[in-house]
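Here is a guided walk through one protein model for someone new to reading structures. Keep the picture open while you read, and look up each residue as its name comes up.

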Amino acid sequence: GEQLEANTGNRATPVITSFTPTSITAGTNTTLTINGSNFGSTQGSGRVRFWDSNLSNTRFDVDASDIVSWRDTQIEVKVPSTTGGGNTAGTGTIQVRNGTNETGTSSGTLTVQYAHTNISSSGTKYGPRLVETNNNDGLTFTLSTTICNNQDAANAFGRALREWRCVSGVNWVISTTSTSVNSAVDDDINIVTFDVGTPIGALGQTTSRYFGCSSNGLHWYLKEVDVNINNDFTWYYCDSPNPANMPSNSFDFQSVTFHELGHAHQLGHIIDASAVMHRSITNNTIKRVLNANEEAGAAYVLGLPDNPCGPGPMTPVSPATCTNMTMPTDCDDAGPCTLSLPVELVAFGGKAEAAGIALNWSTASEFNNAYFNLERSADAVQ
């Protein structure tokens, strides 16, 4: 009456003892080395799994092409920014699944600092470059009239763009004319528009379009990028950095467009709720400043080698000129929310000389300013 059970041949559960490095970037062709046991002598159907920075509480399997080497005690894997399923590796524990579906999880956390968006062509992944597309060393965004008709929205986007230029040096400008075209389609217009097919529930969506040229291999660059903001939400357009000044249940327009400019820069999502490039933002929250990792990601993209074919490289803007931007003439006013100052002051200083106090200052821009008025205090108090 006894039964003899068949041996299923299952392997022991994989054990991850360590991995190096513990902090890494995604989509930059960097290799993660995972050490342990019971991975299987060959990969077979085994996979490495990361947390997905595009989705909440979701893991994904890397593509087979991301595996560099697979041994029973060690795996080398490229950290992907885009897989066949559109996944991006994010900060968290990692897993190894062997060929018979036993899974081991690391005790330590892998930190993914930033992600460079990759595209896949014929099974090979490429990190696209930023190039000159406007015949003036950079790329030009064009505001749709749906944005220009809302002066505060135009001003908030302008502030976001100016901040991104000054932090990263990216050579992005705004066209001096707006357009009635508001479709985020392949038309060689880098449109910034309101509510054209934005996914339900999404605050905004950035669509990047690429072109590849051949010179001793394929080389991909950003051909066009469209930024589409969902107008079904209550937006806060003012420039106050204090969330307490925001109306209840509103979203900060400058923070959201700043995030979308990150995607235009070809940065993917990361898992860090305090970061600009985190996948989501809650209402009554302001995130308008890149952290050091995000700044490094922006610098990485701009520092990629020039394309040997196609358009010329993008020439970065200097810190001295990064604030110099011109808005479209039909939406270049202060607006009811944001009172733009006529002068952007860069530096102010003074020193004592025999004849008195010599003052000097410099400005980044001057618009409709009448004069400079110097005032002094007789008693250093009033």
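## A walk through the model

Let's begin in the loop between strand E4 (47–52) and strand E5 (59–61), where you can find Asn57. Please keep in mind that this is a predicted model. Asn57 is not a glycine, yet its phi is positive, near 50°. Most residues other than glycine have a negative phi, and most peptide bonds are trans. With a relative accessibility of 68%, Asn57 counts as exposed.

Asp195 also has a positive phi, about 60°, without being a glycine. Look for Asp195 in the loop between E15 and E16; at 34% relative accessibility, Asp195 counts as partly exposed.

Which bond joins Thr20 and Pro21? The two are linked by a cis peptide bond, with omega at about -10°. Pro21 sits in the loop between strand E1 (15–20) and strand E2 (23–26).

**The whole protein**

Now step back. The secondary structure comes to four helices and 21 strands. Along its principal axes, the C-alpha trace spans about 105 × 50 × 45 Å. The protein has 382 residues, and 45% of them are buried. Among contacts with a separation of 6 or more, 67% are between residues 24 or more positions apart. The protein exposes about 18,500 Å², and carbon and sulfur atoms supply 49% of that area.

In soluble globular proteins, nonpolar side chains tend to be buried together. The largest nonpolar core here has 43 residues, and Phe141, Leu143, Phe157, Trp172, Trp235 and Phe253 touch the most other members. Several elements each supply at least two residues of this core, including strand E13 (139–143), helix H2 (151–168), strand E17 (218–229) and helix H3 (253–264). Which element gives the most to this core? That is H2, with seven residues. A second, separate core has 22 residues, including Leu32, Phe50, Val79 and Ile94.

**Aromatic rings**

A pair of aromatic rings is described by the distance of the centres and the angle of the planes. The count comes to 13 aromatic pairs in this model. In one of them, the rings of Phe211 and Tyr221 have their centres 6.0 Å apart and their planes at 45°, so the pair is tilted. Phe211 belongs to strand E16 (residues 204–214) and Tyr221 to strand E17, ten residues apart. Buried or partly exposed? Phe211 counts as partly exposed, at 44% relative accessibility, whereas Tyr221 is buried, with a relative accessible area of 9%.

Tyr237 and Phe253 also make a tilted pair, with ring centres 5.2 Å apart and planes at 55°. Tyr237 is in the loop between strand E18 (235–236) and strand E19 (251–252), and Phe253 is in helix H3, so the pair ties together parts that are 16 residues apart in sequence. Both Tyr237 and Phe253 are buried. These two also belong to one aromatic cluster with Phe194, Phe233, Trp235 and Phe251.

**Salt bridges**

Side chains of opposite charge can pair when their charged atoms come close. The model has eleven salt bridges, and the table lists some of them.

| Side chains | N to O distance |
|---|---|
| Asp63 and Lys125 | 3.0 Å |
| Lys223 and Asp186 | 2.8 Å |
| Arg209 and Asp226 | 2.6 Å |

Arg209 lies in strand E16 and Asp226 in strand E17, 17 residues apart. Arg209 counts as buried at 16% relative accessibility, and Asp226 is buried too, with a relative accessible area of 0%. Through shared partners, salt bridges join Asp186, Asp188, Arg209, Lys223, Glu224 and Asp226 into one network.

**Outside: a nonpolar patch**

Finally, turn to the surface. Phe348, Ile357, Leu359, Trp361, Phe372 and Leu374 form a nonpolar patch there, with about 610 Å² of accessible area together. Where does most of this patch come from? Strand E21 (residues 356–366) gives the most, with three residues. Leu374 is placed in the segment after E21.

Note on methods. Residues numbered from 1 in each chain as written. Predicted model: local features only at pLDDT ≥ 70, side-chain atom pairs only at ≥ 80, totals over all residues. Heavy atoms only, no water. Patch = residues over 30% accessible without salt bridge, like charges linked within 9 Å, V, L, I, M, F, W, Y side chains within 5 Å. Areas by Shrake-Rupley, 256 points an atom, 1.4 Å probe, with all protein chains shown as cover. Salt bridge = Lys/Arg side-chain N within 4 Å of Asp/Glu carboxyl O. Core = buried A, V, L, I, M, F, W, Y, C linked by side-chain atoms within 4.5 Å. Buried < 20%, exposed > 50% of the residue type's maximum accessible area, 1.4 Å probe, protein only. Contact = heavy atoms within 4.5 Å. Phe/Tyr/Trp six-rings, centres within 6.5 Å; stacked < 30°, edge-to-face > 60°.
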